[in-house]
Amino acid sequence: MNDLLSLDRRSLIQQMLALAGAGAAVGFSPAALAKAAARAKPYLSPTHFALVTAVADTIIPRTDTPGAIDAGVPATFDALIANWASPDRRQQLSQALSEIDALAHEKKGMGFAQLSATERLALLTPYDVEALQVVPSPAGGRGLSMMRGPTFANPGYGKLKELIVILYYISETGLTHELTYDHTPGEWLPSIPVTPDTRPTGGAGLF
Amino acid sequence: MFDAIVIGSGMSGAIAAKELCERGLKTLVIERGRKIEHGVSYTDSLQPWELPNAGMVPEEEALRDYPVQSHCYAMTSANKDFWVKDSEQPYSTPADKPFDWIRGNHLGGRSLMWGRQSYRLSPMDFEANAKDGHGSDWPIRYDDLAPWYDHIERFIGVAGSKEGLAQLPDGEFLPPFALNDAEVQFKQAVESKFPGRNVIPGRVANLSKAQPHHEELGRVSCQVRSLCERGCSYGAYHSSLSSSLPAAERTGNLTIVTDAIVHSIVHDPKTGKVTGVRVIDANTKQGQLYEAKIIFSCASTIGTTQILLGSTSEAFPNGLANRSDMVGRNLMDHLYGLSVVGVLPKGPNTFYKGRRPTGLYIPRFRNVSEPGSFLRGYGYQGGASRMGWRSAALGKPGLGADLKERTRKLGPWMLYISGFGEMLPNPDNRVTLHPTRTDKWGIPIVHVECAFGSNEQAMTKQIIADGKAMVEAAGGMVVNTNTTPSTPGLGIHEMGTACMGKDPAKSVLNGFNQAHDIPNLFITDGSAMASSGCQNPSLTYMALSARAAHHATEFLREGKI
C-alpha cells in the first residue's frame with residue numbers, strides 16, 4: 001500500500017531531501033534531453049518545449065520502466081497547450097516553466113534543461129514541496145468541489161505537474177508499464193486477492 | 001394524421017412511444033435534437049490515451065459554449081456533442097438564484113448520459129404530500145404503480161438485490177453488482193451501529209446478466225467498463241437508442257422526426273381537445289404541423305413547461321392545460337453534491353476486478369426508523385475503491401523515481417458517500433417564459449427561479465452529520481466533506497412543474513397523467529411528479545409513461561377521448 005496516510009509534512013520534506021541528496025541516477029542527460037525535445041513543429045517556443053521536456057523528465061524519469069519522454073508527454077503537453085488551454089492558462093503554465101528556469105539560473109547559473117538529471121531532481125524536489133503546500137480554497141465556485149481539487153501555494157506549478165502526470169499515466173506506455181488497464185474487463189469480481197504483482201488500475205475516470 | 005404524437009425521445013418519451021406502438025397506435029416521435037445512432041455515434045472504443053485533450057473540453061470552449069453543462073460530472077471531451085450548447089440555447093435566472101439546467105438535445109436525450117440509478121418510490125413517498133400538506137396529494141398510490149415498475153424493470157433490466165425494505169420496495173431485478181470487501185465492512189459497521197440503516201448494492205439499469213428479451217433487441221451483458229456516458233455499443237445500459245426506440249421500431253408503427261423544435265400544441269376550443277403539434281425545423285426554420293388523436297408531452301420537465309406556457313389561446317390565455325395556474329410551479333430537484341470522503345486505514349487487504357457501473361446505496365432512514373428535525377428524508381449513493389493513481393501521484397509532493405514507485409502501489413481504501421435529499425414542492429420555485437427574450441427560433445426562452453428552503457437547509461446539515469458518523473463508524477478517517485449543496489438543477493432530477501393531483505384547481509394532471517383540462521393530452525416526464533422523493537426518478541417517469549400509455553390507449557378505444 002502506498003503511504004498516502006503519512007500526513008507529517010516535516011518528515012515528508014526530509015524524505016524528499018534525502019532522496020535528492022542520494023542523487024538517484026535516473027533521467028536523461030542534457031544532450032539526450034535536447035534530442036528528445038527536437039520536435040517537428042511544437043506550439044511552444046523551442047525554449048519552453050525544452051523546459052517542459054526537462055521538467056517532465058524530472059517528474060517522471062525513465063527508471064527501470066519508461067518515463068515521460070518515452071511516453072511522448074512533451075508532445076502531448078504541447079498539443080494540450082495548443083488545443084485545450086485558454087490564453088490565461090497558457091500564460092500561467094508558461095510562467096510556471098519560466099520560474100523553474102529562473103531558479104536554475106539563480107542556483108546553478110544555467111538553464112534548467114542544461115542541468116544533469118541529478119541536478120534537476122535536487123533543484124526541483126524542494127521547490128515541488130513548497131509549491132504544493134495546500135492553501136485554503138477561495139469561496140464560491142460552482143460544480144462539484146471534488147472535481148475542482150485543492151488549491152496550491154503555486155497553482156501554476158500545481159497545474160503544470162498535474163497535466164504532466166495525467167498525460168503520462170493515461171498514456172499507453174504508463175498504462176502498460178506502471179498501472180494496468182483493461183478496456184473491457186468483461187466481469188465484476190468484487191473480491192480478488194492482493195499479490196506482490198497487483199498494480200492499481202488506470203483509466204481516465206475521476207477516481 | 002397519426003394516432004399519437006410523443007414530444008421528446010428521452011427517458012420517458014421513448015418508453016411512451018414503445019408502449020403506444022406495441023398497442024397498435026401509429027406513433028410519431030418528435031425530437032428537437034439531431035439524429036444520432038446506436039453504436040456509430042458513440043465514443044466508447046476510445047482508449048484513455050486516445051481521448052481528445054486527455055478527456056478535457058478546451059477551456060475557452062467550455063466557458064463560451066458550455067458554461068452550465070461543463071458543471072456536470074459526466075461531460076468530457078469524448079461526449080461533449082451530447083450536451084446542449086448553453087450559448088445557442090439560453091435560459092435566464094435571477095442573478096442571485098442560479099439554476100443549472102443540464103440538457104442533451106439529440107435522439108434519445110439524456111437517456112444516453114444518465115446515471116442509471118433506478119429506485120422505486122415507496123408507499124410513504126406517494127402519501128407524503130397528503131400527510132404533511134406540502135404540494136398536491138398524489139392521485140395514485142404505490143399499488144397503482146407497482147405493476148408498472150415491474151414491467152419497466154423487466155424491460156430495461158435493473159441489477160439489484162432484494163432487501164425487503166418498506167421505504168425502498170424491491171423490484172424485478174437482475175443479479176446485483178455485489179459490494180466489494182471494503183463496502184461489506186462498511187455495511188457491517190453501519191448496520192450494527194445504526195439499527196434501521198442499510199447499505200445495499202446500488203440498483204442500476206445495466207444488464208448484469210442480459211435476458212433473452214434484451215438480446216432480442218441486440219443488447220448484451222455489461223462488460224464492466226464504466227464508460228457508460230459515452231454511449232455503450234454493447235447496449236448494456238438502458239437508453240432510448242439501445243432499448244426503447246428499437247422496441248418501438250420493430251412494431252412497424254413508429255415514425256421519428258428529428259431537428260424538430262416544438263413551437264406549440266394546437267388546441268381546438270370546439271372539441272376541447274388538442275389536435276396537433278406545430279414544429280420548427282431546427283436548421284431551415286420552416287414550420288410544420290403534425291396531427292394526432294392523442295398527444296404525449298415528454299419533452300423533459302422544463303421543456304414541457306416551456307411548450308405548455310407557450311401554447312396560448314383564447315381558451316388557455318395562461319398556457320395550455322393551465323387553468324390551475326400550476327404549470328411551471330413546484331419545480332424540484334434533489335439536494336445533491338453533499339458528500340463525505342474518508343480513508344479506511346484498516347480496510348481489507350483485497351482488490352476487485354472491473355469498473356462496476358454503480359456502487360452502494362443507503363436507503364432513507366430519517367423519518368423512517370430515526371426521527372428528523374425536518375420533513376421527508378434522504379438517501380446516499382457512494383462506494384469504496386482503492387485510491388487510484390491520481391491521488392497517489394498528485395496527493396502530496398514528490399518527484400521522480402519516488403513518485404513512480406508510490407503510484408505503482410495499490411492505494412488505501414477510500415469511502416465516498418453523497419446524500420440525495422428530497423426537496424419540498426414550493427409553488428414559488430417556478431419556471432416562466434421570459435417576457436422579452438426569444439431563442440434563435442423565435443420561441444420565448446424560459447426563466448427559472450428556484451432555491452432551496454429552510455427544510456432543505458436543515459436536511460443538509462443532517463446529511464453531512466450522518467454521513468460523517470457512518471464513515472467514522474467503519475473506522476474511516478474523514479478527509480473531505482462538501483457541506484454546501486450544488487446549485488439547484490445539477491442533481492439533474494428537475495421535476496414537478498405540471499404536477500399530478502386530485503383537484504383540478506390545484507394540479508395539472510389526473511391519476512392517468514391526463515391533463516385535467518384536456519382529455520387527450522398526457523404528460524409523463526418529470527413535470528408530472530407531485531413530490532420528489534429522495535430516489536433517482538427516471539424509473540418512476542418510465543413507469544408513469546407506460547401506465548399512461550396503457551390507459552390512453554384504452555380511453556381511445558372506448559371512445560372516451
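Trainee: Which residue stands opposite K353(B) in β11(B)?
Mentor: In this predicted model, the residue that stands opposite K353(B) of β11(B) is L189(A).

Trainee: How many residues does the contact take from each chain?
Mentor: Chain A gives 66 residues to the contact, and chain B gives 64 residues. Several elements of chain B give two or more residues to the side that touches chain A, among them α2 (59–65), β10 (335–344) and β11 (350–353).

Trainee: Which element of chain B has the largest share of that side?
Mentor: That is α10(B), from which seven residues of the side touching chain A come. Taken by kind, the residues on that side of chain B are 27 nonpolar, 23 polar and 14 charged.

Trainee: Switching to chain A, how many helices and strands does it have?
Mentor: Chain A has nine helices and three strands, and from the N terminus on, its elements follow the order α-α-α-α-α-α-β-α-β-α-α-β. Of the 207 residues in chain A, 40% are buried.

Trainee: Now T460(B): where is it found?
Mentor: T460(B) lies in helix α11 of chain B, which spans residues 454–473.

Trainee: Why does T460(B) count as buried?
Mentor: T460(B) counts as buried because it has 20 C-beta neighbours inside 10 Å. Leaving aside residues up to four places away in sequence, T460(B) touches L335(B), L338(B) and P485(B).

Note on methods: Residues numbered from 1 in each chain as written. Chains lettered and ligands numbered in written order. Predicted model: local features only at pLDDT ≥ 70, side-chain atom pairs only at ≥ 80, totals over all residues. Helix = DSSP H or I, 4+ residues; strand = E, 2+ residues; numbered from the N terminus. Buried ≥ 20, exposed ≤ 12 C-beta atoms within 10 Å, placed from the backbone. Contact = placed C-beta atoms within 7 Å. Nonpolar A, V, L, I, M, F, W, Y, C, P; charged D, E, K, R; others polar. Pairing = 2+ DSSP bridges.
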